[in-house]
Amino acid sequence: MECKRNISEFLLIGLSSKQNIEVFCFLFFSFCYLAILSGNLVILISVRCSSLFNQPMYYFLSHLSSMDICYTSCVTPKLIGDLLVRRKYISYTNCMLQVFAMHFFGIIEVLILAAMAFDRCVAICKPLHYMLIMSRSKCHVLILVSWVGGAAHSFSQFCLLICLPFCGPNEIDHYYCDIFPLLKVACTDTTIAGMLVVANSGLIALVTFVLLFGSYVVILFTLRNYSAEQRHKALSTCGSHITVVILFFGPSIFAYLRPPTTFPEDKIFALFYTIIAPMFNPLIYTLRNTEMKKAIKKVWCQKRFFRRETVNF
């Protein structure tokens, strides 16, 4: 395929063409984005400023919160701004960068979720060897592998798209630049490219989900030998993680593990892994987590007390 194009920008169709719906969506997604930023920043600061940062699970959680902020910031600010204008344009360069950033941060988040599942599996199945297996150096390696994996995946997707010819029409039936809608407007046969996307993004999502599901089957099998109190504590922590995994992987598998085509429902499913899941992650990880709630109270009450003492001084 020749790397040529006759267009310099794409026109995003967006979520809806009705003005009253767009006004509602503007208010709703503005609230969602503020909730994502504030919730994940609270978790990030609370973990980093407390002793929880020394525990592998919360070390990974702090990185997950930072990835949630980066991931949703690739899409949500643009979506909110577009809801205020009639015609929603995005330049060719920004479109390619958005695809790269979405897949880069998305795969990092997927691999961090896998690392968190591995951490819980080791903690419950090998408690005596936990600190040896999940040492801080090995946690650093897992995070580094996540970043390398994200870069390798996103670069392959970027190279696939950058060589597609775009000569019109330039309308993308989505609220952000995604691979399948871009394949649809490319003026060449994209059958092979679509199969490569399914083999890449789709299989990564499916294989990771199966491994996560398998790890929790092992955990549930191991918990039979624990006391009722220990089972309740373990299930409380794992239940939060399972909820996040389902919210993120369910729509992702639907979006990428299928024949390379587009459906009207794609936009709704995309909202789950671009906005809804990052918004609910802080709530899911704090509502049933006593350690996290104590750390939040300790860190933020100390900050408020210190600020008050400074003002009085």
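**Reading the cysteine links**

Modeller: Let's start with a cysteine on its own: the sulfur of Cys139 is 15 Å from the closest cysteine sulfur, in Cys121, so this distance is too far for a bond. This is a predicted model, where local features need pLDDT of at least 70, side-chain atom pairs count only at pLDDT 80 or more, and totals for chains, interfaces and linings use all residues. Residues are numbered from 1 along each chain as its sequence is written, and side-chain values use heavy atoms, leaving out hydrogens and water.

Colleague: How many disulfides does a search of the whole structure find?

Modeller: A disulfide is a covalent bond between the sulfur atoms of two cysteines. Here the search finds 2, counting cysteine sulfur pairs within 2.5 Å. Cys95 and Cys177 form one, with sulfur atoms 2.0 Å apart. Cys95 sits in helix H4 (residues 92-125) and Cys177 in the loop between strand E3 (171-172) and helix H7 (179-185), so this pair ties together parts 82 residues apart in sequence. Helices (H or I, at least four residues) and strands (E, at least two) are DSSP runs, numbered from the N terminus.

Colleague: Is Cys95 buried or exposed?

Modeller: Buried means under 20% relative accessible area, exposed over 50%, and partly exposed in between (1.4 Å probe, protein chains only). Cys95 is buried, as is Cys177.

Colleague: Which cysteine forms a disulfide with Cys167?

Modeller: Cys187, and their sulfur atoms are 2.1 Å apart. Cys167 is partly exposed at 37% relative accessibility, and Cys187 is partly exposed at 34%.
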